[in-house]
Amino acid sequence: MAVLLLVLLPVPPKLPKSSAAEKLQRQINANTLWGVFELIFEPWKDTTLLGVPIDGADGKIRKCFPILSGWIADNMETATLHGIKSYACSKCEVPPEELGTGANRHWARDYARYDRYERENLSLDSESEDACDSYETLGIKTGQNVFQGRERVSTPDLHMPDLLHTIYLGLFKHMMDWIQGFL
Amino acid sequence: MPGKAYREVTQWQEKEMRNLGRCLLGVLAVALRQPDNSQIHPFKRALTCVRLLYDFTMMAQYRSHTAETIQYMEDHPERFHEMKDIFLEFKVSKRMQAKADELRRELRPQRTLLNQSVAKSTRKRRRILEQDREEENDQRMALINAESHFNFVKMHLISHLGDHIYQFGNIPMFSTEYGDLAHKEQIKDGYRPSHTNNPARQILSSYGRQHAFRIRLLNLEFLQRSRADLAAEVVEHLGETLTAPSAPPVYCRMLKGHRKDVRGVADFGRALKVSPETICREFIRYSRLSLLLGRRILEDPAILRSLPIELLRQLKIPVLAFQELNVYDIQRARCIGDGLFRNQASRNDSV
């Protein structure tokens with residue numbers, strides 16, 4: 001695999017620590033992220049809608065449409081980009097208390113549905129407690145998914161397994177702790 | 001073979017962790033080899049758990065899969081979930097620990113008050129104390145059993161790996177390792193020689209330049225190999241920078257570690273602390289058992305002793321790497337005699 005360095009992205013300025021500043025800081029960070037992704041996906045809009053002509057091996061020219069199929073990132077990065085809580089799975093709607101039970105037959109995430117919920121709640125003009133609860137169990141922060149609304153991107157499929165962090169530095173580390181305790 | 005105890009290392013890298021995994025199961029099996037009657041069951045469960053998880057990680061590294069291996073990858077975590085209770089009591093988060101400590105701190109003053117009023121003799125007081133301690137332990141265990149869990153996101157993410165293979169192919173392809181390494185190579189190494197004042201542009205141009213040079217060199221190398229017309233100074237320069245076109249390495253067993261001070265049977269015996277008679281006897285036995293008729297050595301100790309002898313202490317054995325056709329891992333078989341392994345004292349740490 002080749003990794004090319006194209007740009008260095010801006011780091012938002014850091015504010016002094018206080019509870020009020022923290023909220024502002026979070027807002028600034030989210031806005032920066034949003035702006036950066038607008039920038040990255042700027043050329044994406046036209047190509048996905050109109051297609052690009054690409055030479056084929058048989059001498060014909062075909063109209064091709066790029067599809068974003070994966071985004072390699074670790075768990076925290078994925079959580080930030082997808083606008084979910086760090087304990088939530090980015091692929092399916094598994095509730096936090098079933099993470100360690102081996103259950104893997106949950107529905108895949110559907111961000112369009114979440115957006116619909118959000119709009120319905122807004123039209124009611126008050127965030128009911130039920131909605132808050134369901135957001136909590138689903139582990140989503142609405143309106144913060146940077147991939148939402150882009151053409152030819154299926155957000156739940158973007159997550160790529162990450163052997164380094166999930167297995168070697170994640171599970172293995174936990175396992176070593178258990179073994180140390182056990183011995 | 002790690003050079004340090006597990007706890008001495010604070011930050012682990014992927015490769016180190018992988019190597020650790022290689023010896024982990026063996027070491028654990030040795031550590032748990034002599035269980036008491038009460039320990040047989042938990043030891044077995046712990047070993048199985050570790051084995052299941054480790055097998056799973058090994059299979060996650062495969063470069064190609066069959067339906068069978070993917071089935072294994074789905075079954076192993078399932079079986080692990082059946083057995084994992086054995087580790088539940090060690091899966092205690094810091095918050096839980098604090099909670100348990102707090103509970104104990106709350107109860108202790110009450111108990112002391114109570115005990116002072118009840119118990120008069122020291123023996124009685126001691127017995128009550130012991131009872132209290134047992135009670136405390138029970139409470140702690142109950143709390144842990146009720147509150148501890150394996151619900152962390154990494155435990156869940158592995159359940160998606162099977163589907164991922166069906167969808168996208170093998171897993172090592174998508175590792176974040178490359179990106180994380182590129183951070184060091186492309187950004188940190190670019191930042192260091194910059195004058196740190198608004199360094200973004202410098203980092204980018206420094207990496208861009210290096211990259212362009214590397215591509216240019218590769219192109220020139222290719223042209224030279226395909227016998228294109230290149231200017232004399234270019235050829236000369238290439239001759240300096242080119243990493244000599246290495247012949248494909250030969251993969252055969254290689255002997256290494258030649259001892260210069262060993263010339264004959266007497267030296268040989270001294271180096272290995274074996275008497276020359278035994279060596280001669282073994283030589284003759286070996287020649288009778290394993291060598292062809294015409295190639296057998298003369299079975300006369302006097303002649304044998306005068307023969308020149310070399311002592312080599314290491315054998316490099318190339319082993320074909322898993323699922324590869326031309327990548328070899330070199331395994332080294334070493335004879336260290338009665339010396340210490342890597343001249344280090346033997347270790348006695350459990351982990």
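**View 1. Three strands of chain B form an open sheet.** In this predicted model, the strands are arranged in the order S1-S2-S3, and their pairing is antiparallel. Strands here are DSSP runs of E with at least two residues, helices are runs of H or I with at least four residues, and both are numbered from the N terminus. Two strands pair if DSSP finds at least two bridges between them. The edge strands of the sheet are S1 (254–259) and S3 (328–334) of chain B, and each pairs on one side only. From one strand to the next, the twist averages 25°; axes are lines fitted to C-alpha atoms, for helices over the stretch in contact, and angles run from 0 to 180 degrees between N-to-C directions. As a bit of background, strands of a sheet pair through backbone hydrogen bonds, either parallel or antiparallel.

Before we zoom in, a word on reading the labels: residues are numbered from 1 along each chain as its sequence is written, while chains are lettered from A and ligands numbered from 1 in the order in which they are written. Because the model is predicted, local features need pLDDT of at least 70 and side-chain atom pairs count only at pLDDT 80 or more, whereas totals for chains, interfaces and linings use all residues.

**View 2. Bridges join S1(B) to S2(B), and S2(B) to S3(B).** Start with S1(B) and S2(B), which pair in the antiparallel sense over five bridges. Follow Arg259(B) across to its bridge partner Leu311(B) in S2(B), then Lys256(B) across to Gln314(B). Is S1(B) buried or largely in the open? Of its six residues, the number buried is zero, so S1(B) lies largely in the open. A residue is buried if 20 or more other C-beta atoms lie within 10 Å of its own, exposed if 12 or fewer, and partly exposed in between, with C-beta atoms placed from the backbone.

**View 3. A hairpin in chain A pairs S1(A) with S2(A).** Strand S1 (residues 52–55) and strand S2 (residues 61–64) of chain A run antiparallel and are joined by four bridges. Look for Val52(A), which stands opposite Cys64(A) in S2(A). Five residues sit between the strands, and in this hairpin Gly59(A) takes a positive phi near 90°.

**View 4. Helices H3(B) and H7(B) meet in chain B.** Their axes come within 9 Å and cross at roughly 155°. That makes H3(B) roughly antiparallel to H7(B), since angles under 35 degrees count as roughly parallel, over 145 as roughly antiparallel, 65 to 115 as roughly perpendicular and the rest as oblique. Which residues make the contact? H3(B) brings Ile70(B), Met73(B) and Glu74(B), and H7(B) brings Leu161(B), Gly162(B) and Ile165(B). Two residues are in contact if their C-beta atoms, placed from the backbone, lie within 7 Å. By class, this contact has four nonpolar, one polar and one charged residues; Ala, Val, Leu, Ile, Met, Phe, Trp, Tyr, Cys and Pro count as nonpolar, Asp, Glu, Lys and Arg as charged, and the others, Gly among them, as polar. Also in H3 of chain B is Arg79(B), which counts as partly exposed with 15 C-beta neighbours inside 10 Å. The C-alpha atoms of Arg79(B) and Thr48(B) are separated by 9.3 Å, although these residues are 31 apart along the chain.

**View 5. Chain B touches chain A.** The contact takes 50 residues from chain B and 42 residues from chain A. Which helix gives the largest share of the side of chain B that touches chain A? That is H1(B), with six residues. By class, this side of chain B has 30 nonpolar, 14 polar and six charged residues.

**View 6. Arg152(A) and Thr196(B) have a positive phi.** Most residues other than glycine have a negative phi, and most peptide bonds are trans. Arg152(A) has a positive phi of about 55° although it is not a glycine. You can find Arg152(A) in the loop between H5 (129–138) and H6 (155–158) of chain A, partly exposed with 13 C-beta neighbours inside 10 Å. Thr196(B) also has a positive phi of about 55° and is not a glycine. Thr196(B) lies in the loop between H8 and H9 of chain B and counts as exposed, with 9 C-beta neighbours inside 10 Å.
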